[in-house]
Amino acid sequence: MTDHEEPRPSASLKILVNAWKLYRSVVNSVKDRRSAETGAEAAGPSRGVGEMSEEAARAKMGAAILIGGALVWKGIRALANVFLTRPAEPGSASAATGQQTEEQKARTGKWLMLGALLSWKAGKSLAKKTAQTFLEEPTETAVGAARVAEMPAPPEMGRMQGASEAEELLAGGAVVGWEALRVSASAVGQTVKKTLAAATPVEALPSTGREADRNLDEENEVNLEKRERWGTVLTALASLAGLAGGIAFVVSFWTGGRNEWLGGSLAVFLGGFGSALVLWAHWLTAHKEAVEPRERVSSHLTEQEGAAREFCCGAQDIQRRRLLQWMSFAGVGVVGSVLISLIRSLGFPPSLSLETDVWKHGQRLMTVDAVPVTVDALQPGGMIIVFPEGSVGSEKTQTVLVRVRQNLVHLPAERSNWAPGGNLAYSRICTHAGCSVGMYEANSHLLMCPCHQSTFDVLTGAQPTGGPAARALPQLPLYVDGNGHLRAAGGFSDYPGPGFWGMPS
Amino acid sequence: MIDGLARWLDSRVRMAKFVRKALNHVFPDHWSFMLGEIALYSFVILVITGTYMAMFFHGSSEKVIYHGTYRPLDGVQVSAAYQSVLHLSFDVPAGLLIRQMHHWAADIFIGAILAHLARIFFTAAYRRPRELNWLVGLTLLVLALANGYFGYSICGDLLSGAGLRIGYAIMLSIPLIGPWITFLALGGTVPVAATVPRLYALHIFLVPALIALLIGVHLAIIWRQLHTNYPGPRRTDKTIVGARLWPSYTLKSLGLFLLVFAVVAALGGLVQIDPVWIYGPYNPVAILPGAQPDWYLGWVEGAMRLFPGVNLRLGHWLVPEVFFPGFLFPFLVFVGLYAWPFLEKLFSFDFRTHHVLRLPRQQPWITAFGCAVAVFMLVLLVAGGDDVVAVADNANVVQIRTILRILVFVAPAVTGAAVYLLCRLVNRKHPVPVEEMSAEEILAGEETTVQPQ
């Protein structure tokens, strides 16, 4: 409040003058541009001398609206300031009354300021939107208008004390004026827009060839009236079916309908409307055949060379800078290392898992129900699944135990004592593709994998006898302990499961 | 309102010119050109139904005891994934419908891609300039097959558990790198808890994103190159004949989308698929006789069943028997497919640009070869279910396998020869008229040129 004695021009007046100047400059610049363009194309359709160009008209309208919007804000703010800052005349009333009036005024001022802000926000967006109709391109017009809109309030306004009645009236009048301007501008704008749209020269566009399409209906002398009639009926029927299906779906959904009802009604719903579209296309649109020339698929040679030249110009810049090259290489390297580090946490070296022996010497054979298996638990011809004691139900240790008559067993010499009492134990994981070898045919003594029908002869150490498996099922050596329980006399004879590159033989 | 919105958009991204051109885009009309569209629309359905399912599915192998609506499995130990599938199927209204629609849409997706591939192959649409799109399309097929496998492998049922173990065995069998990449990809010796979350992430995120991206590339290339035409009047390598995008093609295509959706809904509602509660939860001890992978992997399964039990010992290194039919064979099939447009160029010595298709009978050797390969794959597909065939015929699976091992070579040879002779015969009786008119002659006097951009 230091310079509050200085003489200054009326704030509102200053804004008005500035706005008007800007408005004129914007309109003039657009006019200049337009005249330059029309001057350049002498052969083009000339306009009347006094006739205003489209752009000028649009620019004028747009600028006027935006500036009007800006004025409203300034006006309301000015008004608010009047209320906020005008001091009570000393001695005109009792101190208490004066204070009360002062508070009231301040309150009114605050509310007005709030209203001003809100109406400015609304007014600004409205004004911009309306102006946009006229200012189709972001020309200098729009930029200029936006400048008015964003123009900061002059510093005087904040300290406007003792503003004249005329200024207050002016500010208030601006509000009313703006409303009138907005309404009329919108009406005028619509008219102008329609006129302009009607006057746009469509014939200047290149032909798309649609007019030259062959009408196959006419060529084949199709009865169009009949088609129209039937097409309408069928399309309507299909749509009705679709509608009914939709309703049926909703009803059955909310009444907890069965899956068949839900799917069926959904199918009718979608199928009905789908058929309606196809019927519509088939019956109610003209059957036209378009023939068009194909453009070259490849670019012309000059275009290719042009692109290559541009690329090389840019590439030279990179080639000149060795540091940049080295940095790119280093960057790629770092990215690679980062990726490899991340991938590392996805897995671990296979040797840790693949080469673990799953059966230990002395472990008892347990059934699925964790009951120890005795040497006579099975009759010859029987089969059960067994696991090592302590890991019943585990995937990798699953083992199939079969019993055959002792004299049939025909194991290799080094396995002669692996099958006490004709009990033979083999890994249950197929050596072919890792399925569970779950089927046993006691008559032929064959274990069979249900996935790919590999068969393994239990009498000869589960050697493959048919199907795609090439390796025998690993055998588990057994012995009988003092209680008659079967125990593992060591690990499997081979690694169980499907083969891999580093699998030891 | 549309007008206003269009103007609003246009004043931001300037698109009137493009839209005008797009609305006049010419699409040839033929039923066989819809196969790719069916695949596209099935993918849309997969994304819709899949997103819905992802809100219920729990991609975890954690062991839980089931106490849900489905009484026969009450108190059984299942995986959290399996439990959430049962919850979706039995407790969520229309959940079973959405799940079955998803599975059916996946089958239709892959079926449509294969049919589309066959159409491209038998009409030689892969010739210049469309080799690029052939490669993109094949990659889409690979991704679709992989994602189909991932999808049914994460449910935690007995079938998917068996499928995972076989997939694990195949991956493990790759020489030198097999164990390493298997452990990196699956997180250990399958079944291991790490696998399902990984496959789930791939299934719902990475692979669908790649598929969506490549579909965009696929369509953009078609848009740039324009569609092919079957041979016929006014169809030459310099013209395109068909209907315009707007309105007839748009209506038909939109209708096709709804019809595909309707078929999927009907199948999802009326035809049971992948009833995991009947298979039961995965359990290392249980077995599932008569198990097959989904049909689109049946040819690999068949190859694995028919291939003799032979492995390769190289010093103390092993190339397991499952490597040859399980990995090498599909690998070579896809190498052959990827190389085909370029191989065909070498044989035919035809490096020109083609926009008019060849009818299958115009290329007897290629058609015969394609049919032979198709029959080969069909025999393998049957072999993939040889145990089911054996049960149905009350025959011995060993006998069936022997017959199929012969048939897998004889049937393609016979088919190829028969198709070749048939093509020659039909060509002699009804020669294909060749359009000799030039584009200039056809278009003479008609103002149909589109101004270059």
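This report looks at a pocket, a helix and the confidence of a predicted model.

## Ground rules

In this predicted model, local features need pLDDT of at least 70, side-chain atom pairs count only at pLDDT 80 or more, and totals for chains, interfaces and linings use all residues. Residues are numbered from 1 along each chain as its sequence is written, chains are lettered from A and ligands numbered from 1 in the order in which they are written, and side-chain values use heavy atoms, leaving out hydrogens and water.

## The second largest pocket

The second largest pocket holds about 1200 Å³ of space. A pocket is an open set of points on a 1 Å grid over the protein atoms alone, where a 1.4 Å probe fits, with protein on both sides within 12 Å along at least five of seven lines. Its lining residues, those with an atom within 4 Å of a point, number 40. B:A146 and B:Y149 are among those nearest the centre.

Helix α7(B) gives the largest share of this lining, nine residues. Helices are DSSP runs (H or I, at least four residues), numbered from the N terminus.

## Helix α3 of chain B

Helix α3 of chain B covers residues 34-54 and reaches 30 Å from its first C-alpha to its last. Its buried residues (under 20% relative accessible area, 1.4 Å probe, protein chains only) include B:L35, B:F43 and B:M53. The buried residues pack against α4, α5, α9 and α10 of chain B.

## Confidence in chain A

Over residues 40-52 of chain A, pLDDT is below 50. Where pLDDT is low, the predicted coordinates should not be read in detail.

Definitions and conventions. Points joined across faces, edges and corners; volume = space filled by probe spheres on them. Helix = DSSP H or I, 4+ residues; strand = E, 2+ residues; numbered from the N terminus. Expected span 1.5 Å × (residues − 1). Buried < 20%, exposed > 50% of the residue type's maximum accessible area, 1.4 Å probe, protein only. Contact = heavy atoms within 4.5 Å. pLDDT = per-residue confidence, 0-100.
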